[in-house]
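Let's walk through a protein chain together, one question at a time. Have the picture open and follow along.

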Amino acid sequence: MSSFLQMLLDPKKNWFAAQHMKAVSKRLRHYGLRYDDCYDPYYDLDVKEALNRLPREIVDARNQRLKRAMDLSMKHEYLPENLQAMQTPFRSYLQDMLTLVKKENAEREALGALPLYQRTIP
């Protein structure tokens, strides 16, 4: 079942997944965002922890992209075409650290230790 699901979600093997990835890429390029910028640190505490562990320059670049995207959205504009061509929406900067944080939390839970952070989302 797992391999079937991976095959369905792999853009190299599934035409519909490739079209979806292309549409998401185009939308992110309009605002100059990366896919990892869409993760919300207020919703998922693992994302917040991963962002805290990243170097300050990467987090500052992320915040700048988010500010630029909000500004463009409020103005009902897109980035100029020449800047859109330079964007790399699927170049990840958060996934490795997020995987590490999730692995550490799973290990902590397996050992029976208390979680590092507890909060309920309203």
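Buried means under 20% relative accessible area, exposed is over 50%, and partly exposed is in between (1.4 Å probe, protein chains only). Residues are numbered from 1 along each chain as its sequence is written, and side-chain values use heavy atoms, with hydrogens and water left out. This is a predicted model, so local features need pLDDT of at least 70 and side-chain atom pairs count only at pLDDT 80 or more, while totals for chains, interfaces and linings use all residues.

Q: How many helices does the protein chain have?
A: Helices (H or I, at least four residues) and strands (E, at least two) are DSSP runs, numbered from the N terminus. Along the sequence the pattern reads α-α-α-α-α-α. There are zero strands, and the helix count is six.

Q: Is Gln 84 buried or exposed?
A: Gln 84 sits in helix α5 (residues 81-86). Leaving aside neighbours within four places in sequence, Gln 84 touches Arg 29, His 30, Tyr 78 and Leu 79. Its relative accessibility is 10%, so Gln 84 counts as buried.

Q: Why does Leu 8 count as partly exposed?
A: Look for Leu 8 in helix α1 (residues 2-9). Leu 8 counts as partly exposed because its relative accessibility is 34%.

Q: What is the radius of gyration of the protein chain?
A: This radius is taken over C-alpha atoms, and the globule rule is 2.2 Å times the number of residues to the power 0.38. A compact globule of 122 residues would come out near 14 Å. The C-alpha atoms here fill a box of roughly 50 × 35 × 30 Å, taken along the principal axes. For the protein chain, the radius of gyration is 17 Å.

Conventions. Contact = heavy atoms within 4.5 Å.
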